[in-house]
Amino acid sequence: MTIDQPSSQVRVHLVTLQPDIALPENTGSVLVNTNFRRYALSNLVNIILENEKPVPFDFLINGTFLRSSLDDYLSQHAISSETTLNIEYVKAAIPPVHLASFEHDDWVSSVDVLSNASPAQRWADQEYVGAPGHERILSASYDGLLRVWDLSSRVTATSPSSGNGGHVSSIKAAKFFSPSQIASSSTDRTVRIWKYHENSDNPPTVLSPQMELYGHRASVDAIAIHQPSSRLLSASADHSVCLWSTKKSDAPAAPETSLPANTVRGAKRRKVGPSVSTPRRGALSSLKSHSAPVSAVIFAPNDPTVAYSTSWDHALKTWDLPTSTPVDTRSTSHALLSLAALPQLNLVAAGTTARHITLIDPRTSATSIVAMTLRGHGNSVVSLATDPNSTYGLASGSHDGTCRVWDVRSTKTDKDGPVGQSMYSIRRESAGGEPKAFGDGVKVFGIIWDSDVGIVSAGEDKRVQINGGKNIGSPARS
């Protein structure tokens, strides 16, 4: 097949891994104008497929999205126009649309989602009763309260006040540990485990405190969970990471030196109200090697005996949890604030104070520290979430007041070589979708990406914001 008769042409072979958009089997290579860009190639595929309604497509050459003309691509990579280009096409990503915002009384630091697709549900033995539309969103606020929301913006559960077993200061992180348990951490130096259930009555259910975990000496700013092993990791401003058991029978007693000053010496439980007491426990181990506050921690996706942590000391550390030993340290040029894993690419992503995201290969066999840099934010990148439907996708939250959607195959070339560029930027609806200088008043503090609910973010504007839509972000897992 030949398309047009320009002076400069190149032969392309179009393939896809998505059966529903595959070309007819007898389609061979196609001779096209080298000035073709994505739009012209997309029209070509639609013509061959005989689509009545055009479908937007994206195109990858050697695993990288085409973001220029074919002629520019050939020139940049010193490829002859006599070469047949193998081009993979995928359905183009759809911009995430604003679905809802939930207002709070104070800044919102962290969010999580409970759905049929969420990790807390996938790990659980019991079947989640939530049909589509019955998903739940967990938010943590600087007012010291946890809230569980339905998608109609109704609060279905909340944590108690400080006098009744709740955190005594701002909550920094919260996650669903299971469909019936929640974990949270706070500037009050504690990690807490809560029992979660809902009543059918209109008044919100009050979360029941199950355990208080003591061992940190400063704010606990991030947590990670692994429900199958009943383990939890916490990252603290005291420069340490702690490993905890969420089973009371497995956890050691809380160290007396970590308990509040008004606690009776040797007490193992705290009285909560007239008839309830909360067990207090200590850490299984404390991991100490960082020289500055630890900003984030995660379990290695394929091995829960391994953890990664990032710190203001510029380092990514790999930990062997059974021995509490740091087995590798990757030092970068900037303070690292957030962390997410891309396991199938053998990479971890770290948000930085330098406004970019650094992709790091944590394997000891890696010959370089930085695999790629993703640029686009205008302030510190403080939260990261992986695309649940793609090997290559990320979402980031920044103090510039935006969330960005990334595909690590979407790159451009600058003076330092290839750098990642975002697919979409999501602004805060509270600001009318308009940018704010340095993110003033609309800084994003937390983000989560759920395949059922969408991209959920939390921020300085005292809101949880939900952006969703089909085929957000990376077009397909391949």
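Visitor: Which residues do ring pairs link into a cluster with F57?

Guide: Ring pairs link F57, F59 and Y89 into a cluster. Rings of Phe, Tyr and Trp (its six-membered ring) pair if their centres lie within 6.5 Å. By that rule there are seven aromatic pairs. Before we go on: this is a predicted model, where local features need pLDDT of at least 70, side-chain atom pairs count only at pLDDT 80 or more, and totals for chains, interfaces and linings use all residues. Residues are numbered from 1 along each chain as its sequence is written, and side-chain values use heavy atoms, leaving out hydrogens and water.

Visitor: Why is the pair of F59 and Y89 called tilted?

Guide: Planes under 30 degrees apart count as stacked, over 60 as edge-to-face and the rest as tilted. The planes of F59 and Y89 sit at 40°, with ring centres 6.5 Å apart, so tilted it is.

Visitor: What makes this a link between distant parts of the chain?

Guide: F59 sits in strand β3 (residues 57-61) and Y89 in strand β5 (residues 85-91), 30 residues apart. Strands here are DSSP runs of E, at least two residues long, numbered from the N terminus.

Visitor: Why is F59 called buried?

Guide: Buried means under 20% relative accessible area (1.4 Å probe, protein chains only), with exposed over 50% and partly exposed in between. F59 has 0%, so it's buried. Y89 also comes out at 0%, so that residue is buried too. Across the protein chain, 54% of the 478 residues count as buried.

Key
Helices (H or I, at least four residues) and strands (E, at least two) are DSSP runs, numbered from the N terminus.
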